[in-house]
Every structure is written in structure tokens, then in C-alpha cells.
Amino acid sequence: MSKINQYKGLIEDINRGKVEGLISDLVKIPSPWFEEEEITEFVKSHLEKLHLNPWLHKVSDEKMTKFKGNNVIAEVGNNNGPIILLNAHMDTVKICRGWQRDPVGAQVEGNRLYGQGALDMKSGLAAAMIAIEILKKIENKLKGKVLFTAVVDEEGPYGLGTDALIRDGITNQCDMAIVTEPAAAFAPKGIGNPCLLIGARGRYLYEIKVKGKSAHGAMPYLGVNALVDASKIVLALEKMKLGSHPFLGEGSLCVLEIEGGGETISVPDESRILADRHVVVGETEEKVKRDAEEIIEKLDIKSKVEIGFRDAPFPEVKGYGAYITSKEHVLVKELEKSFKELTGQEPVLSSFLSIGDFNYLGDKNRANLPTVIIGPDGDNVHSPEEYVDLEDATTITKVLTGGLMNLLCPE
């Protein structure tokens, strides 16, 4: 008898009503990044009612953002086997314009639950909370532990919540990690659930300062136009040869901002370019900078150019490293088995298109944990009318719970 079959009744207790109810409760609490106090208290209180004895983990940045908040941590199991980090973020992006429905109303229409963060990632947070609730019922039979972490500021500028887990050594005790981001919504085009994402590209933000020489606008030949030179750099960056990887795909570069000038009759003497570069495994911060330097050196510009990266409260959060978890790792294999047993289908193994806390966890230069991403389908992430597919959210919650049983329950 399979491990999942041994606890079939517990898996069947995970029904749509249970999943919908918890997602709804979470969506009704506004929690844009840096404003997570109320949802933090809700998650902690909910876990206390389940006798999971959660505690708060302080997160702060005194240097730049002055942010102070708390992660919520709880554990189920023991130290007699693998320790699995189960990570989900509590925050959302700021509510954008264009909503026709109440963004915190958790309105259900057919199979869709609408709301800010319904997909990214309060449904994933609910899945993780329900999974540890179920495992608590068989805690005395587990060989190993789930360390649940509900974190702040994933959507914010630096991922301070998960960064603090690493910085404070909390991840050092873990053997592997599961992040319940909406995997199906961020898989490459044409891939939906069942899917299991076992890697992700990384990301760095260039900040390029261009310094020319001011002159009267009627005599531009006496100056050096920083804005014109910056434009040449932008066009060159757009043509830059980027890295590629057989599993992660192609790198990408997107110019986000160019600014400078503004005087009505003066040659602009300064300009600034902000560019987003997504990288693949093997492309480091040093390589990213060197690539830009080589491109600019070939240009016919007179401005002085400085290439750097965005300021950050800690050096480690300047960027996100790319990573891949082995298809043969036990974490991948046992979640594959859970998908097959509970859905009748093998999951597609693929990679996450964007970046997130999973980069901090999977990157060999940070937590260096084998890390996978599993989560429900839906649409309109970071957009008006965001929604989660409730049937898929229910299935994913079952698969997640079953995968944890496979990893922690003895034969």
C-alpha cells in the first residue's frame, strides 16, 4: 500500500470548501508589502488554534527601508529524518487600478475566486497551511520535519523575509525546500498543471550612470550630450547577446527607465539607465557587469560611464541567482509520485519564468537547498481581476500534502 493510500481519509478531508474558505479569509485581509501586520496575526492565530505552536521571527532593515515586520514559523515532526522547508509569502503587490470587483472581496464566480493575491500567493499560502494541519494529525508517525515559514516582503524590493531566514541561520537546518508560488501561472507558455518547477532564471538590475558635459542648447557641439549617449547604450543593450541554457531557456534584458536632461536650452550633462537582466545558471554579477562594459566600450561615445547595481540593504540581495534542482532528487521524485497517484498524470518538469524567494533558497551562493515550486493555476497576476482556479487549488493542496507524506512517512 502506498503512503498516500495509508492516509487516504486525511487526503480526502482536503475538499474545495476547506480550501476556498481559507483562501477567502486570507484574501479579505489587505496585505501589500510592508503592510503585513494584520495577515501576520491571522496566520499566527490560525496555526495556534490548530495547536501548531507558531512563533514570530523578526525581520528588519535599519539601513534603507526602515522596515520592521515578522515572519510566522511553525514546525511539524521531529529530527529523525529530512527537514523540509515549506515556504510561502503573506504579502501582495499594491492594489492597482482597474478592478471591477472588490479586490479584497474574495468573490467566487463558478470555479474562480477573485481578489488581490488570490493567485500570488494566498492560495499557495493556504495550501501550505492546510498541509501542515493535516500532517499534525499524524505527527507521531513522521520521520522528519516540515518547517513552515510564512514570510513578509516577497513582493517588495528585496525579499527581506526569506533573506532573514537565511541570514539568521534558520535554513541551515533544512535539507530541501518547497515554495508554493503559482507554478502553473509562471511556467513557460503551453505548460499548465500538472507541473512541477525545479529551477528559475536569476535577475540583476543594472544602474548605468552617464556623465557628459553641459553647454548652451544653441551650441550643442560645445558639450557632450549624456542623454544621446545613454540612448546609444540602450540600443546596444537591446542587441546584447544573452546567455541561454537547455533547461532554463534564454536570458532576457529589458530597459526599465532612462532619465536625464530637463533644462529648456541646455545640453544634458547626466543621464541614468535602469535595466533588468534575467540570467541563466553560470551568469554571475561579475559577468553581467562585464558584458555591459564590453558593449559600451565598443560605442563611439564621449560621456563617462559608470555601471553598477541597485543599492541594497545587504550585498546578498542586490540580485537573484539562477538555480536548477536535479530531476533525480528525492524531493522531485516524491512529488512526482504524489501527482501521479492523486491526479493520474505525470507532472511536466519545467522552470519558473520570473524570480522570487525560491532563488534565494535554491541559489548555491545563498541557502543552497534543492528547491521546487508547486502551486495552482489562475490568471491576472499583479493585474486587475486576479483569480485562482479553486478546483486546481484543491488538487494542488492534496498533491502537496501527499508529497510531504511520501517524504516523511515510513514504509
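Two strands count as paired if DSSP finds at least two bridges between them. Keep that in mind as you move through this predicted model.

**Stop 1: the sheet.** Select β4, β5, β20 and β19, in that order: they form an open sheet of 4 strands with antiparallel pairing. Now colour β4 (107-109) and β19 (378-379), which stand at the edges. Each has a single partner strand, so one side of each is left without a neighbour in the sheet. Zoom in on β19 and β20 (residues 387-389), which pair in the antiparallel sense over 2 bridges. Here you can pick out Asp379, which stands opposite Tyr387 in β20.

**Stop 2: the helices on the sheet.** Next, show helix α5 (residues 118-136), lying across β5 (112-114), β19 and β20 and running at about 50° to β20.

**Stop 3: the cysteines.** How many disulfides does a search of the whole structure find? The count is 0.

**Stop 4: an exposed loop residue.** Finish at Ala218, in the loop between β9 (202-211) and α8 (226-238). Ala218 is exposed, with a relative accessible area of 55%. Draw a distance from the C-alpha atom of Ala218 to that of Leu86, 132 residues apart along the chain, and you will get 63 Å.

Definitions and conventions. Residues are numbered from 1 along each chain as its sequence is written. This is a predicted model: local features need pLDDT of at least 70, side-chain atom pairs count only at pLDDT 80 or more; totals for chains, interfaces and linings use all residues. Side-chain values use heavy atoms; hydrogens and water are left out. Buried means under 20% relative accessible area, exposed over 50%, partly exposed in between (1.4 Å probe, protein chains only). Contact means heavy atoms within 4.5 Å. Axes are lines fitted to C-alpha atoms, for helices over the stretch in contact, and angles run from 0 to 180 degrees between N-to-C directions. A disulfide is a pair of cysteine sulfur atoms within 2.5 Å.
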